[in-house]
Amino acid sequence: MTAVEARQHFTRSFGGEPTLVASAAGRVNLIGEHVDYNGGEALPIAIQRRTSVAVRLRAGDRVTRINSGGTGGVLMLDHGQLRRRKKWTDYPSGVLDQLIGAGVDVPGMEVAVASDIPSGSGLSSSAALEVAFGFAVQSLLGLDTDRVALALLCQRAEREFVGVPCGAMDQLSAACGEPGQALHMGFAPVMVRPVPFAETVLVVDTAVPRSLRGSAYADRVRECAAALSAIQRIAPEVTVLAEATTEQLDRAEMPDVERRRARHVIAECERVRLAVRALEGGARFPGALALESHASLRADYECSSPELDWVVEYAMRSPGISGARLTGAGWGGCAVVFGEEHALEALSRSITADYAAAIGSRPRSWLVSADAGARLEG
């Protein structure tokens, strides 16, 4: 339990007990990749892997002393001189920056962090840290802890302080998750509503680390913005790329790269809507949509990797598997696999040795299901 670990880190670092411990979830996006920053729709779940933050007020200064187990000591975040360090502390620093910028008088604090979300895997470890830290601070100070508002504050922290032009899906998942429910999200305007999802899915980490700061993510954001501008020249009523139709895309003049990016966004949003209708009608998640999504992400969005493609192809040769796709932006990280639970369990046992023989590194895999978002831990 990361909550227990956070308490232990706190006691070792600062002595005594924290006032409270809050946590937030990692996430797996079932479908709807690279659409949040394009005003589209997505369908993620919060998962059992979590980040926990133990916190206590500190009198005498406005400095947050923060420790994460294994990072080599307590780091100081001066509230009056917050700066980007290109380290994990940028995420809580960005949240502090947003709170202080909104007029919140944040006193000095002592903070300890523990997480079992693998960093760089595409399961939103950064968003979970932002949301867990923000929820802990808001709870400690007696502030409003509206989950959607908190998620949007954390998104601004990542965009404006950390420097990643991300959408809001990861932060909304970390904050708003519900057990047994997927989250049907819209982003223009922001909307979150639960959709029944009682299935277990298999997450396979390719062991290829990825970072949105170091990937082509920002390039895709720019390419999609350029595609939107081209469409608006012939259809000025279109306000976000996800609103565009295939007919408008066909008529607009733009380079082939931008056209392919837009084609993925438009088709992916339709796949989300089809998946939601299936789940609300009592069906299992349509695995064929996951395969279509992966093919689009590989060919049109060009954000897959040989390792992710290998996992998808291997999974689809396994009995009882209905679909698979990359999840979490791509360029490495994780794939999510759909199917009967016994088939997922068998796949999790067989894939390790076969992947190691084919790729040369050992993957990790977890069976996960929809879990709660931000919460206080007992």
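How many positive and negative side chains does the protein chain have, and how far apart do the centres of the two sets lie? The chain carries 39 positive and 45 negative side chains, and the two centres are 5 Å apart. In this count Lys and Arg are positive and Asp and Glu negative, while His and the chain ends are not counted; each charge is placed at NZ of Lys, CZ of Arg, CG of Asp or CD of Glu.

The model is predicted: local features need pLDDT of at least 70 and side-chain atom pairs count only at pLDDT 80 or more, whereas totals for chains, interfaces and linings use all residues. Residues are numbered from 1 along each chain as its sequence is written, and side-chain values use heavy atoms, with hydrogens and water left out.

**Overall fold**

The protein chain contains 11 helices and 12 strands. Helices (H or I, at least four residues) and strands (E, at least two) are DSSP runs, numbered from the N terminus. The radius of gyration is 21 Å, close to the 21 Å that the globule rule gives for 378 residues, so the chain is as compact as a globular protein of that length. That radius is taken over C-alpha atoms, and the globule rule is 2.2 Å times the number of residues to the power 0.38. Along the principal axes, the C-alpha trace spans about 60 × 50 × 40 Å.

Of the 378 residues, 59% are buried. Buried means under 20% relative accessible area, exposed over 50%, and partly exposed in between (1.4 Å probe, protein chains only). The accessible surface of the chain comes to about 14,400 Å², and carbon and sulfur atoms contribute 50% of this area. Areas come from the Shrake-Rupley method with a 1.4 Å probe; for residues, only the protein chains shown count as cover. Among contacts (heavy atoms within 4.5 Å) with a separation of 6 or more, 70% are between residues 24 or more positions apart.

**Cysteines**

The number of disulfides, meaning pairs of cysteine sulfur atoms within 2.5 Å, is zero. Two cysteines illustrate this result.

**Surroundings of Leu99**

Leu99 belongs to helix α2 (residues 90-101) and is buried, with a relative accessible area of 4%. Not counting residues up to four places away in sequence, Leu99 touches Val104, Val106, Val137, Gln138 and Leu153. Cys154 is 55 residues from Leu99 in sequence, and the C-alpha to C-alpha distance between them is 9.7 Å.

**Backbone geometry**

Most residues other than glycine have a negative phi, and most peptide bonds are trans. Lys86, although not a glycine, has a positive phi of about 60 degrees. Lys86 sits in the loop between β4 (75-78) and α2 and is exposed, with a relative accessible area of 68%. Ala329, also not a glycine, has a positive phi of about 80 degrees. Its loop runs between β9 (321-327) and β10 (334-339), and Ala329 is buried at a relative accessible area of 8%.

A cis peptide bond, with omega of about 5 degrees, joins Ala188 and Pro189. Pro189 is placed in the loop between β6 (181-187) and β7 (190-196).
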